[in-house]
Amino acid sequence: MLARAARVTILIAAAIALSGCGGGVGVGGPATTADKVLGIPPQAELMADGPLGERVLGKPNAPVTVIEYVSLTCPHCANFQRTLFARVKKEFIDTGKVRFIVREFPIGHT
């Protein structure tokens with residue numbers, strides 16, 4: 001179980017690091033052909049507040065912004081919050097590397 005949590009943490013760290021490179025799809029600058037083909041909205045639209053509001057952690061000028069869409073009834077979202085979020089907060093948010101935005105995405109789970 002610990003090995004799985006470590007792998008997940010490494011994957012999250014890699015995703016956060018890669019998202020800060022500026023070369024990914026939908027990251028800064030004008031929309032690319034790939035953005036249009038994949039239906040990725042412009043960055044300004046992604047950064048606009050959602051209709052249900054949001055919670056923001058971290059420095060406004062952090063080099064990387066992560067937007068998490070979370071359902072309060074989702075067991076996977078709850079598992080991330082219980083098992084990994086404290087480490088992500090300590091290593092990335094509290095150190096100023098990441099600005100973390102949480103937006104509610106209400107979905108039902110059975």
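**Aromatic pairs and strands**

Author: The structure, which is a predicted model, contains two aromatic pairs.

Reader: What is the geometry of Phe80 and Phe85?

Author: Their ring centres lie 6.1 Å apart and their planes meet at 70°; planes over 60 degrees apart count as edge-to-face, so this pair is edge-to-face.

Reader: Are Phe80 and Phe85 buried or exposed?

Author: Phe80 has a relative accessibility of 16% and therefore counts as buried, the limit being under 20%. Phe85 is buried as well, with a relative accessible area of 10%.

Reader: Which residues do the ring pairs link into a cluster?

Author: The cluster consists of Phe80, Phe85 and Phe100, linked by ring pairs.

Reader: Turning to the strands, which residues of S2 are on the covered face and which on the uncovered one?

Author: Strand S2 spans residues 64-70. Val64, Val66, Glu68 and Val70 make up its covered face, while Thr65, Ile67 and Tyr69 make up the uncovered one.

Reader: How many bridges join S2 to S3, and in which direction do the strands run?

Author: Seven bridges join S2 to strand S3, residues 98-104, and the two strands run parallel.

Reader: What stands opposite Glu68?

Author: Val102 of S3 stands opposite Glu68. Glu68 itself belongs to the covered face of S2.

Reader: Where is Arg103 found, and is it buried or exposed?

Author: Arg103 is found in strand S3. With a relative accessible area of 4%, Arg103 is buried, because that value is under 20%.

Reader: Which side chain does a polar contact join to that of Arg103?

Author: The partner is Tyr69, and the polar contact between the two side chains is 2.9 Å. Tyr69 lies on the uncovered face of S2.

Reader: Now the whole chain: how many helices and strands are there, and what pattern do they follow?

Author: The chain has five helices and three strands. In sequence order, the pattern is α-α-α-β-β-α-α-β.

Methods
Residues are numbered from 1 along each chain as its sequence is written. This is a predicted model: local features need pLDDT of at least 70, side-chain atom pairs count only at pLDDT 80 or more; totals for chains, interfaces and linings use all residues. Side-chain values use heavy atoms; hydrogens and water are left out. Buried means under 20% relative accessible area, exposed over 50%, partly exposed in between (1.4 Å probe, protein chains only). Helices (H or I, at least four residues) and strands (E, at least two) are DSSP runs, numbered from the N terminus. Two strands pair if DSSP finds at least two bridges between them. Rings of Phe, Tyr and Trp (its six-membered ring) pair if their centres lie within 6.5 Å; planes under 30 degrees apart count as stacked, over 60 as edge-to-face and the rest as tilted. A polar contact is a pair of N or O atoms within 3.5 Å; within protein, one must be able to donate a hydrogen and the other to accept it, and residues adjacent in sequence count only if both atoms are side-chain atoms.
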